[in-house]
Amino acid sequence: MNILIGTETFSPDINGAARFTQRLVWGLRRAGHQVTVVAPAKRLGSSRNVQRDPAFYGVPSLPIPGYAPYRMSVSVLARGYADRVVAKVQPDVIHIQNHFGTGRSLAAIARQRRIPLVATNHFVPENFAGHIHLPAPLKRRAIDWEWNDVAHVLNRAAVVTAPTRVAASLLRSHGLRTELRVISGGIDLSEFGGEDNVSRPPRPDSDARTCLFVGRLEPEKHVDELIRALPLARTRLDLRLVVVGDGTLLDELRNLAREQDVEPYVTFAGFVSDGALRQHYQQCDVFCMPGTAELQCLAALEAMATGRPVVAADALALPELIEPGTNGYIYHPGDVAELAERLVDCLADPDETARLGQNSHETAARHAFER
């Protein structure tokens with residue numbers, strides 16, 4: 001087939017939606033399909049075919065305040081150019097990854113040109129809640145309005161996919177009427193779950209343990225809870241924390257580590273290469289995701305594929321990945337003492353850590369991308 005994929009974020013952007021879309025392109029091409037990607041250009045006016053493999057068209061875009069280097073297309077700017085791309089590519093099917101300018105434009109074009117449309121939702125309005133400076137009731141209304149807008153755009157598709165049951169139920173509860181299928185975003189087991197990876201982490205100091213976080217340093221990720229839990233957990237064991245990722249809260253989190261007297265035990269690694277990321281997974285003892293707006297959490301799946309137990313907030317879709325006492329633990333969001341206790345539960349006994357990690361790997365195997 002000739003498939004056109006519309007997305008608001010794509011390589012070299014680093015986030016779950018961009019990585020999912022990139023792997024989808026690779027998988028479809030390996031299966032013999034022709035794939036074209038349409039996404040926001042990296043600068044206004046750069047609306048042209050900017051790369052050939054895969055074919056990529058950048059539509060006019062604007063910067064997102066506070067989210068550099070990400071950009072967002074605007075329907076009034078993107079629609080005409082996207083229509084010319086569709087006319088040139090002549091796709092058999094269009095697959096949009098969001099309801100923003102790119103997806104909204106392509107959904108309208110698909111209807112006008114009678115091209116079958118598939119949609120996948122990666123967006124959680126709650127991800128932006130920390131950046132909305134409104135009283136709580138008005139903030140809730142803004143979030144509900146955004147969810148309704150997601151459903152409004154995605155209702156134009158013949159089929160919508162969501163990565164988890166929770167993600168699907170959220171769409172239904174906000175007015176999605178079209179056919180809906182739950183399909184995991186998947187994990188590349190050849191990259192993260194090889195036999196060389198699924199083993200106990202190397203440990204120069206047999207008493208030290210390492211907790212890993214991977215993700216954006218933004219309010220909805222609640223990395224501050226993990227830093228506050230560290231001194232409590234350290235009363236029971238020698239625990240270090242490695243934070244991989246960057247974001248608007250980096251300086252604030254550095255200051256918090258200093259205030260909590262754990263600065264020597266916290267490493268802020270920033271953005272890292274894929275190879276370095278695999279090493280971080282292999283060298284950690286436990287992975288933690290305190291975020292409360294995860295529709296699936298690719299980073300947690302990557303850690304699980306590497307054979308690491310996971311401690312995560314009891315929020316949105318994270319409990320779908322974790323069976324407490326089997327492959328990790330969940331805790332009540334905001335309960336720092338409980339988070340510290342769950343980390344200790346995973347790490348106090350090396351044999352128990354290994355058992356939880358092996359079960360994590362088996363869980364991740366059910367999400368193999370090839371499926």
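Helix 10 is mostly covered, with eight of its eight residues buried (under 20% relative accessible area, 1.4 Å probe, protein chains only). Among them are L298, E302 and M304. G307 follows helix 10 and has a positive phi, near 85°.

I noted the basis. This is a predicted model, where local features need pLDDT of at least 70, side-chain atom pairs count only at pLDDT 80 or more, and totals for chains, interfaces and linings use all residues. Numbering runs from 1 along each chain as its sequence is written, and side-chain values use heavy atoms, without hydrogens and water.

Next, the cores. I took a nonpolar core as buried Ala, Val, Leu, Ile, Met, Phe, Trp, Tyr and Cys residues joined through side-chain atoms within 4.5 Å. The largest has 63 residues, and I227, Y281, F287 and L343 have the most contacts inside it. I listed what F287 touches (heavy atoms within 4.5 Å). Leaving out residues up to four places away in sequence, its contacts include A299, A300 and A303, which are buried residues of helix 10. A second, separate core of 39 residues includes L4, I94, I143 and A157.

Last, the second largest pocket. I used a 1 Å grid over the protein atoms alone; a pocket is an open set of points where a 1.4 Å probe fits, with protein on both sides within 12 Å along at least five of seven lines, and lining residues have an atom within 4 Å of a point. Its volume, the space filled by probe spheres set on the points, is about 730 Å³. F20, L24, I183, S184 and F369 are the closest to its centre among 24 lining residues. Helix 1 gives the largest share of the lining, six residues.

Terms used
Helix = DSSP H or I, 4+ residues; strand = E, 2+ residues; numbered from the N terminus. Buried < 20%, exposed > 50% of the residue type's maximum accessible area, 1.4 Å probe, protein only.
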